[in-house]
Amino acid sequence: MSEDPIRLVTIGRILRRRGRLLIVVAVVGALVGYGTSLLFPPRYTTSTSVLLAGQWEERELLTQAEIAASSAVVDRAAATLDWNGVSGSELRDRVSAEAADGNIIKISGTAESPERAQRLSDQVARQFVTFAARIAGDGTDPDAAAGPETLRQKVVQTNRRISDLAGAADPGRTVEGVQARTELEKLRTALHEAMKKLDEADPANGKADLVVMGPAARPTGEAPPTRTQLIAAGALLFFLLAVVGHLAAARANRRPRTGGEIAAALGSTLLGTVDVPGERLPHRPPGRDPRAWTRRLLGVDTPWDIPAPQPSGGEAGRQLRYRRVCARLRDQLPAPRRLLLVVPEGDEIARRAARQLVAEAESGPSPSSSGMGCPMLRVVEVPVSRPLVPDRDTESGALVVLSAGSRTAEELGGLAEACADAGHEVVGTVVAGTVRTRAAGTAGRSARHTPAGVAVGDDVRGSG
């Protein structure tokens, strides 16, 4: 498990080295979002405002909003609209109400077309106003509702009686008559003031005055999430999942990265590390395996989490590393002999390093000139899924060349077992890495140094 912290440079490396794969994943996510939009038809939403006259507290406005979206109101609207296949319970999921500033109840309706959304909002608003008025007036107890009206009739009768008494009294001829008429007028005034206060105290007078502030506007666009939003969300979600998947794979990566770890997994000694120019690798001829072609097309045939190539010390420095590997190989072998140069299949960096090693061995001292001549090398490319190394014939030993971080410890162990099964001792390991070059023709000059008779193309592919 890798414990390296996740940095922005890691994200940038993923975007740079897995760009084609991320684009394909984002396109797949966009297609999934488009398919999701086909399952959910477009919806349109509009709203109607209802003004509540008078003084209202916040909790009262919230209560009115709950009433506006209640089943009592929505069911009446559904019965009035009479849409085929649409019941009141379904409309309740499409209607919402909220209290806004200024004693306004905002009623919103959602439907599959702009016309239906407009009709739904207007109808719910009208039913809400009707229902609220009925609650304030007709919805009370009949005896309690008849009480104020009976009282008003009695006041009218009392006023008539006062007028009769005032007419029957002495029309101002005596002091007693004037006083009686004055008392009767005071009584009439008191009755009028009492009825005025009673009307003002009636809760039905101020609370039932609801006004619909015009019809709902016909919506011109779909309600979110729209098809465009679903497509964009699908592409973004799949893109982020792909990036997170790369990060999780890097955290759980158990591939050996250092030369010592790779040599230990192969059960051999490390002869050294060599450099390969990091320009764009040449495309290999397409094989019969469609998976390899797909991996190469998506750019996943090489690891993305390897460090960025370091600046090269020049062609002379790179050749010096190859000479040192050949020198250590000569010192390690008791006598010159032929060796297999084993390269994992699909490791283009290791393949190029193996070609350079063959060229360096050919240009070194001849085995016949001295007892410490360079061994003869033959390159074989071995699949790591089911490795099969050629049996021991003229070669007696194997030298493994591979790039850092390209194979797991289990794959390296299987490669070593395949060499042992063929009777070859793994005499050493060479780790290849890429470097940045200043001149683009460096690789071409190195390739021209390779003798034409080197058996680089004698690849052995098999299964076991």
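E360 and R323 join their side chains in a salt bridge, 3.4 Å from N to O; the term covers a side-chain nitrogen of Lys or Arg within 4 Å of a carboxyl oxygen of Asp or Glu. Because E360 lies in helix 14 and R323 in helix 13, the pair ties together parts that are 37 residues apart in sequence. Helices (H or I, at least four residues) and strands (E, at least two) are DSSP runs, numbered from the N terminus. E360 is buried at 12% relative accessible area, whereas R323 is partly exposed at 39%; buried means under 20%, exposed over 50%, and partly exposed in between (1.4 Å probe, protein chains only).

This is a predicted model, in which local features need pLDDT of at least 70 and side-chain atom pairs count only at pLDDT 80 or more, while totals for chains, interfaces and linings use all residues. Residues are numbered from 1 along each chain as its sequence is written, and side-chain values use heavy atoms, with hydrogens and water left out.

Helix 14 (residues 348-363) is mostly covered, as 13 of its 16 residues are buried. The largest nonpolar core has 26 residues, of which L341, L357 and V430 touch the most other members. Such a core is a set of buried Ala, Val, Leu, Ile, Met, Phe, Trp, Tyr and Cys residues joined through side-chain atoms within 4.5 Å. Helix 14 gives the most to this core, with 7 residues. Beyond four places in sequence, L357 touches Y322, V325, C326, L341, L377, V401 and V430, where contact means heavy atoms within 4.5 Å. A second, separate core of 25 residues includes V50, A65, V124 and F128.

The structure holds 10 salt bridges. In one of them, E395 and R378 meet at 3.0 Å, N to O. E395 lies in strand 9 and R378 in strand 8, so this pair ties together parts that are 17 residues apart in sequence. E395 is buried, at 7% relative accessible area. Another bridge joins R92 to D75, with the closest N and O atoms 2.9 Å apart. R92 belongs to helix 5 (residues 88-92) and D75 to helix 4 (residues 71-81), so parts 17 residues apart in sequence are tied together. R92 is partly exposed at 32%, and D75 is partly exposed at 34%. A network of salt bridges links E90, R94, E112 and R116.

In helix 6 (residues 114-136) lies S121, which is buried with a relative accessible area of 1%. I23, by contrast, is found in helix 2 (residues 19-39) and counts as exposed at 56%.
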